[in-house]
Amino acid sequence: MSGLHMRSWWVMASLLLLAGCATRPINPPITQTDPGAGYRFETRQARDRNQENLVILAFSGGGTRAAAFSYGVLEFLRRTEVVGPQGHKVRLLDAVDVITGVSGGSFTALAYGLYGDKLFDDYEQRFLKRDVQGEIIARTFSPSNWGKLGATGWGRSELAAELYDEILFNGATFGDLNRGKGPLILASATDISTGSRFVFNQRVFDVVCSDLNAVRLSRAAAASSAVPVVLSPVTINNYGGTCQSIPPSWVKPFLDSDNPPRPAARAIRSLKAEQTFRDSVHRPYLHLVDGGISDNVGMRAVLDSLEILEALHDAGLPSPIDSARRIIVISVNSLSSPPTNWDASEAPPGTVDILLKAAGTPIDAFSYEAVELLRDTAARWQTLRRIRNSAAYAANKDPAVAAALRVPEAEIYAIDVSFPLLKDKAELDYLNQQPTSFVLPPEAVDRLRAAAGTIIMDSPEFKRLLKDVGARVVAAPPATGSPATVH
């Protein structure tokens, strides 16, 4: 190559690098918090006319596998109508109050919160059946992005967030969600310094003295799915301690007392972990990675809320969900368990396999335990209410016994939607083979969507719910792309 051409090449390369320089988006500070404003549970609850039923969907992590499986749940709830005792028809989807999303599940949750029913027009083409992973890799190796990737605080996850904005979120922020009428969407990531959950709602952003309404949904999705090493952390500015922060009234008993209401050990630990964000002097930045590290099924927020409800009820204090008669939790867990042949060989598995297994085993264990903890809570509340309402207790009332039997009136319905509940073993084997990545064959996407509805319809807990509310399914057409049509 001649000297002239060499110099020209370097000039072009330098221009590309300079053109690519970028700074990460900065979440803006606030000087005063308002517990009655912003994107949080209390403000969404005030808009809900039906305070008796609290319906929560919990979407797990798992890349496109999780996004497609959780989308299948939304499709089922959308096409399923029930009629109640008074003859009123309602779509099950319209009854949803809260959706928690982790990693892959956060994309479906945030996109539904943003678009509502419009999501069903093109979510498959825009995201589920797209090689998102390949596009991120291509952008990473494109010379036009090298300058950006070299900027402080601007890594591969910011590059991914740009892509998510272009193909799915169109620049939308949490302010757009706040103005909408849909359910509260709680996407979560993990604070890599402490290992604690970081939930994108205004209550947490009050602690960091920042305005969540200005934060783009694409960055929340990028943080929630930032798999360590593969993707970079998403960094947000922490202004904790610089604003006049007023915590919600229900939080104060757990933080301002040496003897907080019990039982709420896990919830108190979560609340205290959030309070560490107030130290912006020593922690001016928070680095967020995949939410699956701290909660792969999006259930910690649900379990913490139930602990808080029970503790406040036991202490005779008001809670945000006192009026709920039924708490319906649909846990959508796309955890796959592909079989291995490691034990058939004398040679042990390789280093990469061991690392993946070692990292995934604790996460998978809690995924199982979370649903069981929810069921245990439901069974305990039910048993104590039964004892309290028994004739034997009515005849021999004792104040000490009455205190021990003080539990919320709400009935909990724990509807588990996970692969092992499929009765079709061939379909179970197929779904278990799908990897945790952001690209899947179209057939796999369709079969994941169809499986979600099949599992819910077969769920004994779902059938118990319909019986208890005196409702029956009047419209539930088969899902497009069901296993029968794609084989």
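## Basis of the description

Helices (H or I, at least four residues) and strands (E, at least two) are DSSP runs, numbered from the N terminus. This is a predicted model: local features need pLDDT of at least 70, side-chain atom pairs count only at pLDDT 80 or more, and totals for chains, interfaces and linings use all residues. Residues are numbered from 1 along each chain as its sequence is written, and side-chain values use heavy atoms, with hydrogens and water left out.

## Overall content

The protein chain has 21 helices and eleven strands. Of its 487 residues, 52% count as buried, where buried means under 20% relative accessible area, exposed over 50% and partly exposed in between (1.4 Å probe, protein chains only). A contact is taken as heavy atoms within 4.5 Å. Among contacts between residues at least 6 apart in sequence, 81% join residues at least 24 apart.

## Helix 3 and helix 19

Two packed helices are described by the angle between their axes and the distance between the axes. Axes are lines fitted to C-alpha atoms, for helices over the stretch in contact, and angles run from 0 to 180 degrees between N-to-C directions. The axes of helix 3 (residues 63-79) and helix 19 (residues 442-458) come within 7 Å and cross at roughly 50 degrees. The two helices are therefore oblique to each other; angles under 35 degrees count as roughly parallel, over 145 as roughly antiparallel, 65 to 115 as roughly perpendicular and the rest as oblique. Their crossing is right-handed. A crossing is left-handed if the near helix is turned anticlockwise from the far one by less than a right angle, and right-handed if clockwise.

Residues of helix 3 in the contact include Ala68, Phe69, Gly72 and Phe76, and those of helix 19 include Leu448, Ala452, Ile455 and Ile456. By class, this contact has twelve nonpolar, three polar and four charged residues. Ala, Val, Leu, Ile, Met, Phe, Trp, Tyr, Cys and Pro count as nonpolar, Asp, Glu, Lys and Arg as charged, and the others, Gly among them, as polar.

## Salt bridges

Side chains of opposite charge can pair when their charged atoms come close. With a salt bridge defined as a side-chain nitrogen of Lys or Arg within 4 Å of a carboxyl oxygen of Asp or Glu, the count comes to 28. One of them joins Arg449 and Glu75, with the closest N and O atoms 2.9 Å apart. Arg449 lies in helix 19 and Glu75 in helix 3, so the pair ties together parts that are 374 residues apart in sequence. Arg449 is buried, at 5% relative accessible area, and Glu75 is buried at 14%. Both belong to a network of salt bridges that links Glu75, Glu124, Lys129, Asp446 and Arg449.

Within helix 15 (residues 351-388), Glu372 and Arg375 are three residues apart, separated by about one helical turn. Their salt bridge has its closest N and O atoms 2.8 Å apart. Glu372 is partly exposed, with a relative accessible area of 24%, and Arg375 is partly exposed at 34%.

## Helix 13 and helix 14

The axes of helix 13 (residues 265-275) and helix 14 (residues 300-314) come within 8 Å and cross at roughly 110 degrees. These helices are therefore roughly perpendicular to each other, and the crossing is left-handed. Ala265, Arg266, Ala267, Ser270 and Leu271 in helix 13 meet Asp304, Glu307 and Ile308 in helix 14. By class, the contact has four nonpolar, one polar and three charged residues.
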